[in-house]
Amino acid sequence: LLERLRPEVSRGVAAVGAAPLPGILRHKREAWDRGIRNLEAAGAGYEAAAAAGDGPGLLAAAEALHGAFEGLVRTVRPALKELDAFHVTLYGIVHHHLPDGEMDRVGSAALELAGKMRTLNAAGLPDRLKARDPEFQAARGALSGAVDSLVAAAASKDAKGIREAVDAVHSRYQELARVFE
């Protein structure tokens, strides 16, 4: 059966390799590209094992292909939906409102971010990630404090303070996201 799937596997690997990474995920470009290379290498291993009729090799190659694909999924689908929702709002602030000088929109988005932070603060890690909980708690606490500072800066209408606060939130978000890598 695994040998007969070879053309479908090849088409699937090619299709995933050609899929564009959405702009909102551009900060994950390096991990995505690395994942694509891993998937393509696993696909080549599958091809070689199927062509050779190597049953045990084909099973190992199928497992490697599965693992490479799961790695790509984890790259684009975060471990916590609450963190992804937070990122959507942060993305708008960092890549649209702030560069366009829309400080009022930054302020309203900061309030939205604070609401999403409350939701994120209430979220727990899935069982498979429980070992990372201490690191998660520390990074989430730092992010929460940065969000509070952004809300205060936005209320003050101080453009320099707002920019610095946005940079701090973005940095703390990246630190939290790294917990899941």
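Which helix holds Thr-75? Thr-75 turns up in helix 3, which covers residues 55-76; helices here are DSSP runs of H or I with at least four residues, numbered from the N terminus. The model is a predicted one, so local features need pLDDT of at least 70 and side-chain atom pairs count only at pLDDT 80 or more, while totals for chains, interfaces and linings use all residues. Residues are numbered from 1 along each chain as its sequence is written, and side-chain values use heavy atoms, with hydrogens and water left out.

Thr-75 counts as buried because its relative accessibility is 12%; buried means under 20% relative accessible area, exposed over 50%, and partly exposed in between, with a 1.4 Å probe and protein chains only. Setting aside neighbours within four places in sequence, Thr-75 is in contact with Lys-28, Ala-31 and Trp-32, where contact means heavy atoms within 4.5 Å.

Next comes helix 4. This helix has 17 residues and runs 23 Å from its first C-alpha to its last, close to the 24 Å expected at 1.5 Å a residue; the expected span is 1.5 Å times one less than the number of residues. Its buried residues include Glu-82, Thr-89, Tyr-91, Gly-92 and His-97, and what covers the buried residues of helix 4 includes helix 5, helix 6 and helix 7.

The pairing of helix 4 with helix 7 can be described in some detail. The two pack at an angle of about 150°, with axes 11 Å apart; axes are lines fitted to C-alpha atoms, for helices over the stretch in contact, and angles run from 0 to 180 degrees between N-to-C directions. On the helix 4 side, Leu-83, Phe-86, His-87, Leu-90, Ile-93 and Val-94 meet Val-166, Val-169, His-170, Tyr-173, Leu-176 and Ala-177 of helix 7. By class, this contact has 10 nonpolar, two polar and no charged residues (Ala, Val, Leu, Ile, Met, Phe, Trp, Tyr, Cys and Pro count as nonpolar, Asp, Glu, Lys and Arg as charged, and the others, Gly among them, as polar).

Within helix 7, Ala-177 is buried, with a relative accessible area of 17%. The C-alpha atoms of Ala-177 and Ala-139 are separated by 8.8 Å, although these residues sit 38 residues apart along the chain.

Helix 6 spans residues 133-156, and its end C-alpha atoms are 34 Å apart, in agreement with the 34 Å that its 24 residues should span at 1.5 Å a residue. Among its buried residues are Phe-136, Ala-139, Arg-140, Leu-143 and Leu-150. The buried residues of helix 6 pack against helix 4 (81-97), helix 5 (103-122) and helix 7 (159-178).

The largest nonpolar core has 34 residues, of which Phe-86, Leu-143, Leu-150, Ile-162, Val-166, Val-169 and Leu-176 touch the most other members. Such a core is a set of buried Ala, Val, Leu, Ile, Met, Phe, Trp, Tyr and Cys residues joined through side-chain atoms within 4.5 Å. Helix 4, helix 5, helix 6 and helix 7 are the elements that give two or more residues to this core. Apart from it lies another core, of 16 residues, including Leu-21, Ala-50, Ala-61 and Leu-72.

One backbone detail remains. Lys-157 lies in the loop between helix 6 and helix 7 and has a phi near 65°, a positive value in a residue other than glycine. Most residues other than glycine have a negative phi. Lys-157 counts as exposed because its relative accessibility is 59%.
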